[in-house]
Structures are given as structure tokens and as C-alpha cells.
Amino acid sequence: MTKPSPQAPPQLASQYDPREVEPRWARRWWEEPFRADPESGKPPFTIVIPPPNVTGNLHLGHAFDNTIIDALIRYKRMRGFEALFQPGTDHAGISTQVQVERALADEGLDRHELGREAFLKRMWAWKDLYGGIIFEQLQRLGVTADWSRTRFTMDEGLSRAVRTQFVELYHRGLVYRGERIVHWDPLSQTTLSDLEVDRDERPGKLYTLAYELEGAEAAPASRAGEGSGEAILIATVRPETIFGDVALAVHPDDPRYAALEGRRVRVPLTERYVPVITDEAVERDFGTGALKITPAHDPTDFEIGERHSLPRPSVIDRDARLCSDLVPERFRGMERFEAREAVVQALRESGELREVRDHSVALGVSQRTKAVVEPLLSLQWFYDVRPAAKRVLAALQAGEMRVVPERYEKVNRDWLEAIRPWNISRQLWWGHRIPAWYDEEGNVIVPDPSDPARDPTDDPRYAGRELRQDPDVFDTWFSSNLWPFSTLGWPDESDPFFQRFYPTDVLVTGYDILFFWVARMQLAAYELTGRAPFHTVMLHGLVLDAQGQKMSKSKGNGIDPLEVIDASGADALRFATAYASTGAQDVRWDDRRVEMGRAFANKLWNAARFALPHLAAGDDSVAGPAARLADRWMRSRADRAVAAVTRHMEDYDLGLAARAVYEAVWSEFCDWYLEAAKPALRAGDEGTRATLAGSLATFLQILHPLMPFITSELWEALGREAQVALSSWPRVDEGARDEAAEEDFARLQAAVSAVRQLRVEAGLAPGQVLAVVVEGSAAEVVAREAEVFGSLARARVLDALPTGASLARSLPECTVRLPLEGVVDVESWRARQQKRLADARAALRKHEGKLANERFVANAPSAVVAEERRRAAEATELIASIEASLEALST
């Protein structure tokens with residue numbers, strides 16, 4: 001009989017139901033958040049959330065981020081740190097405005113009809129709706145953020161930080177207004193940064209055009225060469241832009257054009273002549289080696305035009321239509337791709353189109369709208385980040401920040417070394433409006449750095465002037481780049497949270513936004529605070545769908561984490577994402593990982609149900625004597641598990657931490673120890689009871705960061721007053737290691753495994769008690785632990801081998817024999833094995849025959865060939881197993 005405890009904990013339900021357990025804990029952690037105390041005196045540990053966009057629901061990529069962050073926060077909190085998980089959301093300028101404009105279009109409206117003020121009210125309503133859904137999902141995921149400190153990139157405090165940043169940078173001369181080539185999205189009607197544009201290789205055409213030299217007679221196509229004396233040939237993929245040409249450029253060392261510098265050529269389809277110039281930026285090996293210069297519609301041409309003081313006429317407008325008096329009237333107003341076809345036809349008719357050939361074209365495509373972006377000359381605001389980049393590079397060199405995995409540090413450096421001024425203005429209404437004003441003469445007026453919050457319209461120095469504010473807003477990243485310190489109170493550096501928790505410790509995010517966000521936070525931090533924003537950047541891979549595509553809201557292939565949680569529980573999802581977190585490798589979504597986590601939770605629940613009746617409420621003692629081998633082994637293995645999980649958590653390797661705790665709990669504790677402990681528990685052994693209590697408590701603690709719901713529930717069921725989240729992380733105690741016990745128990749495990757294998761070979765029922773003989777050096781351990789061996793193996797040990805047939809399984813330190821007389825019909829068993837062997841050999845011949853057929857291997861689908869190889873390998877393995885069984889049969 002089990003010895004009852006006078007203060008036994010309450011019984012657990014017969015089955016674990018996360019739908020009943022998890023909502024209670026999620027609600028508790030929301031209503032009673034883990035608030036960080038800047039005055040606690042504990043060492044600080046801070047992680048800021050990568051703020052999700054308010055454009056819809058979270059996807060599994062966000063679950064990946066937040067599982068890792070929350071696991072690290074929970075771990076550090078248990079290690080005695082004052083841990084702050086800073087939550088919040090991002091306004092996501094372009095993507096959010098695009099979605100709201102689509103909703104308006106469904107109502108037959110557009111933002112211009114509404115007006116700016118009414119449109120912004122719609123935007124705020126959208127933010128309130130979807131922001132709430134995002135926080136609900138984070139709560140259900142088990143995130144222990146300090147919800148009392150939730151921030152939004154457009155709240156009052158962060159808006160003040162953005163304004164301060166702009167004002168300071170402007171007065172330092174690092175922010176300026178100028179004309180530059182920008183990526184223009186004609187669909188969303190705004191500029192895009194380099195990082196918001198994808199490159200898409202598409203089939204296109206390369207057109208060779210003839211630019212007639214001034215003073216030369218028009219020559220037929222057959223006579224005109226690259227620099228034939230009559231015309232210069234140029235190759236272009238965009239013939240519709242020829243009306244903006246202001247020069248032809250050739251390389252100064254190209255002998256084909258040496259005599260043509262200073263001459264003029266006629267722009268096709270016009271009577272306008274432009275000069276021939278030389279510039280080293282021209283690629284002699286591309287096309288004909290001559291380049292048409294269109295400064296308003298190509299970044300390389302713009303730079304050449306700057307060096308040669310060329311004019312910059314625009315011939316494509318913001319709707320991507322041809323415009324300007326330089327464009328012949330028949331083409332004006334045409335959409336750019338429609339115009340290309342019309343211009344090519346006109347060039348063909350005029351004889352100025354000399355060749356058309358297929359050519360792959362790398363088009364810039366808006367990540368958000370998927371529109372082909374248009375390079376346009378535009379007056380925009382720019383931030384010269386190059387001085388800050390030098391400081392960040394020096395900090396990386398000095399080791400002030402590290403990037404995990406280390407290979408991404410070079411990627412970080414390479415981007416910083418090649419950085420260019422950043423276009424920070426956007427032609428949107430949703431976002432931080434640029435705090436710059438213009439008077440009647442066009443002078444720029446920016447608030448004084450001593451009082452950045454005061455608008456110039458309220459400044460007496462500008463009284464009587466008619467001022468209008470810039471209508472544009474900042475690039476979204478110009479606010480999220482401040483996230484690590486603006487959320488902590490900056491620019492008020494006296495804020496206790498800024499003083500205590502900045503710099504932050506770890507930044508967890510996907511490697512795909514290393515440039516978008518991580519590098520920009522590095523730049524802003526060194527520019528504005530003089531310090532690193534975080535000590536470690538922990539990059540993880542992307543969560544891909546089953547086809548290997550990145551999950552995203554824009555693609556519509558995301559999986560709602562709430563659906564996964566509803567089906568399997570948040571702990572199962574968290575375990576699956578942590579288990580898959582290895583070295584920034586991309587992860588294809590696989591439901592089987594969630595099932596693995598769900599089964600793990602059930603296994604732990606059932607183990608606790610078995611253990612609780614043997615334990616007193618609140619008991620986690622391991623101080624009792626451990627005379628029994630199983631107890632000594634479990635204490636030693638539990639200490640090794642603590643050491644392994646601690647090491648992996650310190651290395652930010654949640655994948656290895658998950659594997660270590662899974663093996664320790666599932667295999668060592670549940671499969672081996674609980675079964676081995678049953679005889680001692682039945683006898684009321686206090687050492688075993690103490691070991692059971694202590695090891696269960698330890699495993700709940702080291703599993704808690706990864707699976708917080710079930711561990712919290714079971715910890716409370718053990719009678720603990722405080723949450724497991726607030727308990728102290730188990731200390732590694734190498735004095736608890738017992739090498740001798742581990743070696744002896746390993747011998748016992750090997751003998752048990754041998755009996756289980758023999759049971760399968762003989763075709764015997766799992767519950768049938770077998771009689772076996774154990775020989776060799778492990779026999780002594782088996783004899784000493786006969787009761788435990790019997791419990792684990794469902795077997796009793798014979799002193800000697802009876803006469804008759806038997807099966808044997810040989811191990812390095814023992815041989816286990818299973819007598820068959822009276823247990824199975826030996827001859828029938830032998831006949832069955834021989835028939836299985838014959839069938840397996842026939843199957844192998846069939847598979848090998850197919851694989852020997854060269855036509856089959858060459859023509860069959862690769863998956864079919866791979867399956868044949870798998871079946872052949874499986875048959876080979878089965879043949880070896882049956883032959884070994886027959887060979888092991890002794891008479």
C-alpha cells in the first residue's frame with residue numbers, strides 16, 4: 001500500500017486540459033504583471049519586444065520572437081535579476097495606411113475625400129482594434145511582460161522622443177532637405193527606403209537605340225556602328241525615359257569614342273541635342289559602352305549629372321505617367337509601361353531602334369504594395385548616418401556589442417560600411433508629422449533644440465510670418481530606431497527606468513530585419529545616447545510555411561497562433577518554437593513539433609499525478625538519505641540536467657535547452673526513475689520520497705521558462721505559496737554527482753533494454769513476466785537491484801539457464817538470455833522468422849532491381865527513387881535483425 005501523506009496535495013484531473021489551465025494563468029499574469037522595480041537593488045536584465053505592427057493578427061514569427069524573449073526573461077528572473085520585458089506596438093506607417101485605404105476603397109471613398117483629420121481618426125480606430133488583438137495573443141502565449149509599461153510608437157512619450165531626435169540631428173547638420181533620386185511607390189504614393197524594396201528578376205528586353213551625331217547625315221541601320229561617325233548606339237531597358245536624357249556618357253579610356261567627346265547627339269524622336277561627355281562610372285562592357293544620362297530617373301545618372309552640373313528634367317510623374325513639355329504630345333499622360341510599347345513602335349518606324357533582344361531585368365518592387373517602384377527625383381528629408389556608422393563599427397570592433405550567431409556580425413559590419421544617407425520622409429498621413437515649417441520665401445524653420453516641443457507658430461521670434469508645416473511624415477523606422485531607450489523615458493535621462501535598465505541586455509529578432517531595425521537602433525543609440533542599445537543581438541531564423549516561404553500577413557500564408565493554442569495549448573506551441581530555435585536557421589512549420597510539445601505536457605502531467613499522492617504539500621526536499629541506487633542516480637542526473645539547461649540558457653541556445661530538459665524529464669525521470677522508484681515508494685522509503693519531491697520540483701523549475709503554464713499549475717498543486725516564476729533557479733551542485741551510481745544504473749538500463757528487445761523478438765505480451773538469465777559483469781548489479789529490475793523489465797532473474805532453446809542479447813558488460821521452453825512454440829517461432837526472412841529478401845531483390853535499372857533512376861521522379869532507396873535500406877535492416885535473432889537462438 002502507498003504510504004499516505006497527512007497533508008497530501010489535491011488530486012489532479014485525470015487528463016491535462018490546457019484549455020482549462022492556461023486561461024487562468026494568462027489572466028493572472030495580465031492582471032498581476034511582473035512589474036520591474038528600478039529601486040530593487042537586483043542586477044537589471046532588460047529585453048524590449050520587437051514591436052509588432054498594428055496591421056492585423058500576430059503570426060508564428062511573432063510567436064517565435066516572444067517565446068524566446070519570455071523564456072530568457074523568466075530564466076533571468078529566477079536567477080535573481082530584476083527582469084524587464086518591455087512591451088509595445090509599432091504604428092507601421094505604410095503598411096497600416098495601405099490597409100486602411102483599402103478598407104475605404106471598399107466603401108467607395110479615398111483619404112483625400114475624407115481629409116487628413118477624419119482619415120487619421122479612422123487610422124486610430126484601426127490601431128485600437130488590432131492592437132487589442134495583438135496583446136490578447138501575447139497574453140495567451142504566456143508572455144510575462146510588464147504590461148503596466150506598454151508603449152506605442154505614436155504615444156505621447158515616444159512622439160516627444162522622435163521630435164527631439166529630429167530637432168537635435170537637424171541642428172547638428174545631420175538632417176537636411178535636398179533633391180535626390182528616391183524609390184517612389186506610385187500605388188501608395190510615397191517614397192520607400194532601400195530596405196523596403198525587393199529586387200525581382202523578370203524577363204525583359206534590351207533595346208539598342210541610335211543617337212544621331214550633330215552634323216552627320218542620317219544613316220541606315222546597316223551602316224551605323226557603336227561610334228560609326230553617323231550615330232552612337234546605346235543600350236537601354238527603359239526607352240520611355242529618353243525624353244529626360246541630358247547627355248550621352250562614355251568611359252574616358254574607351255578608344256571607340258575617343259574623338260567624340262564634346263560633340264552633340266540628337267535624342268531620338270525629338271529635335272533636341274545633348275552633349276557627349278566622359279565619366280569613369282560608365283561600364284565599357286555593358287551594351288555598347290555608351291550610356292544615356294537621365295538624372296531625374298536613375299541614381300547612377302543622377303550622380304554623373306551632379307559631377308557634370310547637368311540639368312535634371314523629370315519626364316515621369318508620381319502616378320508613373322509620362323509628363324513634361326520635353327515629351328512629345330502623343331506620349332504625354334501615358335502610363336510608363338504603356339508608353340514603353342508606344343515609344344518602341346515609334347522608334348521602330350523612325351529607324352532609330354536598331355536591335356531588341358531578351359534581357360533579364362532586376363525590377364524594384366514595393367514590399368508592401370508589390371507595385372514596381374519608380375526612381376524619381378524628389379525633394380525629401382535625409383539623415384546622414386555615415387558619422388554614426390563609424391561609431392557603431394568602432395563599438396563592434398571593441399566588443400561593446402556581440403551578434404549571435406557570430407557569422408552575422410560581418411553582415412552587420414558590411415552594411416554599415418556601405419551605408420548611404422537615409423531618406424526619412426514619407427508622403428503619408430499616418431505617422432509622426434515632420435516638425436519643420438516653411439515661410440512665404442521657402443525658408444525652413446525647425447524648433448529650437450532648447451525647446452523642441454514648441455512649434456515655431458508658437459514662438460514669438462516668428463510672429464507675423466505665415467508658416468505652413470511640412471505635410472510629410474517620418475519613415476516608420478525613424479521612430480522604432482529609438483525603441484530601446486525611448487520606451488525607457490528618453491529624452492528624459494533622469495527617468496529611473498532609463499537609468500536602471502538602459503542599455504538593454506539582449507535584442508531578440510529575426511535575421512531578416514538586421515538592416516531594417518537592428519542597425520538603425522545601433523546608429524540612433526550611439527548618436528543620441530553615446531552607448532550601445534544592447535549588449536547582445538540574438539538572431540533567429542524565419543518561420544517558413546510548408547513550401548519554404550516566409551510567413552507574413554502580406555502573403556496571407558501566416559498561421560494564427562491562437563488556432564494552434566486552441567488545438568494544442570500555448571505550452572505545446574512554445575515548446576515547438578523553442579525546440580526549433582537553433583543557430584538562426586530557417587524553420588519550416590511542422591505540426592508534429594507542436595504534437596511533440598502536447599505529448600510532453602501530458603507526460604509531465606501524468607508523472608505529477610503519480611507523484612503527488614506520495615508527497616506532502618510544500619515538500620521539495622532532497623535532504624533525506626539516498627541509499628538506493630535509483631535515488632542516487634536520479635539526484636546525479638537531475639544536477640546534470642540543471643547544469644546543461646543553465647549553460648544553454650546562458651548561451652541563448654533555447655533549442656539545446658529544450659532538448660536537454662526534454663531528455664531529462666521524458667526519458668530519465670518519467671520512463672526510468674518513476675518506474676524504478678515504485679518498489680521503494682510502496683515500502684514508504686523516505687529517501688525515495690525526498691528524491692521524488694526534489695527532482696520533480698527541479699524539473700518544473702528548469703522547464704518553466706519554456707512551458708510556463710503547466711509548470712505553474714503543477715508547482716501550485718505541490719502546495720507552493722509563491723509562483724514557480726518567482727522561485728530561485730536550482731543551483732548546480734557538483735557534489736550531488738554520483739559517478740558510481742550513474743555507471744551502475746547504466747548497466748541496469750542496458751539489461752532492461754535487452755529484456756525488452758528479447759520480448760519483442762519472441763512476440764510476447766508487454767505485461768507478461770519473463771524469466772531471464774543475466775551473465776557478465778552487470779549481473780551483480782541486476783542481482784542487487786532485482787526488485788527494481790523486475791519492475792522495469794517485467795522479469796525475474798534465474799540463477800541458471802534451463803535446458804532447451806533460448807534467445808540471447810549480448811551487450812558489452814552482460815549477456816541476457818530468455819529461455820523459450822514453455823513460453824513459445826520454438827519451431828513455430830523459427831518457421832515464422834524464416835518466412836519473414838524470405839519475404840524480406842524477396843522485397844530487397846525487387847527494390848534493388850528497380851534501382852539497378854538506369855532508365856528508372858534517370859526518368860522516375862526524384863521522390864519515387866528516394867522512396868525505393870528507403871525501402872531497400874529498410875529491407876536490409878530487417879534481414880539483418882531476423883538473421884541475428886535466428887543466430888541468437890540456442891538449443
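The crossing of α17 and α20 is left-handed. Before you look at that crossing, bear in mind that this is a predicted model.

**Stop 1: α17 and α20**

Select residues 591-611 for helix α17 and residues 686-703 for helix α20. Their axes come within 11 Å and cross at roughly 155°. Angles over 145 degrees count as roughly antiparallel, and that makes α17 roughly antiparallel to α20. Now show side chains: on the α17 side the contact is made by Phe600, Leu604 and Ala611, and on the α20 side by Leu692, Leu696, Leu700 and Leu703. Which classes of residue does the contact of α17 with α20 have? Colouring by class gives seven nonpolar residues, no polar ones and no charged ones.

**Stop 2: α9 and α10**

For another helix pair, select residues 386-397, which are helix α9, and residues 407-417, which are helix α10. The two pack at an angle of about 155°, with their axes 9 Å apart. With that angle, α9 is roughly antiparallel to α10. The crossing of α9 and α10 is left-handed.

From α9, the contact takes in Ala389, Val392, Leu393, Leu396 and Gln397. From α10, Glu409, Asn412, Arg413, Leu416 and Glu417 take part. By class, the contact of α9 with α10 has five nonpolar, two polar and three charged residues.

**Stop 3**

Next, switch to the cartoon view and find the open sheet of four strands, ordered β10-β11-β9-β12. Its pairing is mixed. Which strands sit at the edges? They are β10 (264-266) and β12 (290-293), each of which pairs on one side only. From one strand to the next, the twist averages 35°.

Zoom in on β10 and on strand β11, residues 273-278. These two strands pair in the antiparallel sense, over three bridges. To see a facing pair, select arginine 266, which stands opposite tyrosine 273 in β11.

**Stop 4: two cis peptide bonds**

Select tryptophan 490 and proline 491, and check the omega angle of the bond between them. The peptide bond here is cis, with omega about 20°. Proline 491 belongs to the loop between α12 (483-486) and α13 (496-501).

Follow the chain to tyrosine 502 and proline 503, which are also joined by a cis peptide bond. For this bond omega is about 0°. Proline 503 is in the loop between α13 and β22 (504-510).

**Stop 5**

You will find glutamine 189 in the loop between β5 (175-185) and β6 (190-192).

Look for lysine 370 in the loop between β13 (353-366) and β14 (374-383). Lysine 370 is partly exposed, with a relative accessible area of 45%.

**Stop 6: alanine 371**

Stay in the loop between β13 and β14 and select alanine 371. Its relative accessible area is 14%, so alanine 371 is buried. What does alanine 371 touch, not counting residues up to four places away in sequence? The contacts are Asp185, Leu187, Gly364, Val365 and Ser366. Now draw a C-alpha to C-alpha distance from alanine 371 to valine 197: the two are 9.8 Å apart in space and 174 residues apart in sequence.

**Stop 7: aspartate 744**

Aspartate 744 counts as buried, at 16% relative accessibility. Leaving aside neighbours within four places in sequence, aspartate 744 is in contact with Leu629, Val781 and Arg784.

How values were computed: Residues numbered from 1 in each chain as written. Predicted model: local features only at pLDDT ≥ 70, side-chain atom pairs only at ≥ 80, totals over all residues. Heavy atoms only, no water. Axes fitted to C-alpha atoms, helices over the stretch in contact; angles between N-to-C directions. Parallel < 35°, antiparallel > 145°, perpendicular 65-115°, else oblique. Left-handed = near helix turned anticlockwise from the far one by under 90°. Contact = heavy atoms within 4.5 Å. Nonpolar A, V, L, I, M, F, W, Y, C, P; charged D, E, K, R; others polar. Pairing = 2+ DSSP bridges. Buried < 20%, exposed > 50% of the residue type's maximum accessible area, 1.4 Å probe, protein only.
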